[in-house]
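Biologist: Good morning. Could we go through the aromatic rings of this model together?
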Amino acid sequence: MCALACLAVLSRQNAPLYLRSDFSGDAGVGNDEGAVGASGAAAPSTGRTIPPSVRGGPARPMNFASLSHQFMIHASLDHVDEKVRDIVTRGAGAGTQAAGDAMYLGFLCPVEEMRMYGYMTNTGTKVVAMVEDVAGVGQQQREVDLKTLFASVHVLYAEHLLNPFARIGGEIASVRFDEGIQKCVGIFNGRQV
């Protein structure tokens, strides 16, 4: 079974709005060395933490990813732009993808032992998922699961933007959004949350 290693929501200008690379329940316990927030600041100094009562454990940074995962996400952005350019070019001449798949960019590139997949909303917001490359996992089933994951993240992002106090284009620091992501990733990784 494949597992999601990192999830990133990026603005139209490729600024990180939400980064998450540890989806285990014990994140934040022990050493967070090398983890940085979506704004690029060290995770422990971001000041925004999920309260212990919400997470059921020690308070931890909400929006963080390891430097290596940030590098891999950044490396895949050129492939996102290339896929979007291909879709626009293809769409101008002949028929386009089915309406449900129009935003799903699919497999972007392999980076080390990970496989990068992309999704882009109509407003240019990008979602990039980093999945561990596991031998024997059916590609078709992975694609179906990823489409479901991306659609769920898109709905969560739209709900987040409906909040009148949310900063559009700003870093996502919503506990509700984070919990929704945790639930979606838990389902994708094959465990019920």
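Modeller: Let us begin with a charge over a ring: Arg 115 lies over the face of Phe 107, at 4.1 Å from the ring centre. The term applies if NZ of Lys or CZ of Arg is within 6 Å of the ring centre and within 35 degrees of the ring normal.

Biologist: What kind of model is this, and how are residues numbered?
Modeller: This is a predicted model, with residues numbered from 1 along each chain as its sequence is written. Local features need pLDDT of at least 70, side-chain atom pairs count only at pLDDT 80 or more, totals for chains, interfaces and linings use all residues, and side-chain values use heavy atoms, leaving out hydrogens and water.

Biologist: How many aromatic pairs does the structure hold?
Modeller: There are 4 aromatic pairs. Rings of Phe, Tyr and Trp (its six-membered ring) pair if their centres lie within 6.5 Å; planes under 30 degrees apart count as stacked, over 60 as edge-to-face and the rest as tilted. One of the pairs is Phe 107 with Tyr 117, edge-to-face at 5.7 Å centre to centre and 65° between the planes.

Biologist: Which parts does that pair tie together?
Modeller: Phe 107 is in strand 7 (residues 104-111) and Tyr 117 in strand 8 (residues 114-120), so the pair ties together parts 10 residues apart in sequence. Strands (E, at least two residues) and helices (H or I, at least four) are DSSP runs, numbered from the N terminus.

Biologist: Is Tyr 117 buried or exposed?
Modeller: Tyr 117 is buried, at 0% relative accessible area, whereas Phe 107 is partly exposed at 26%. Buried means under 20%, exposed over 50%, and partly exposed in between (1.4 Å probe, protein chains only).
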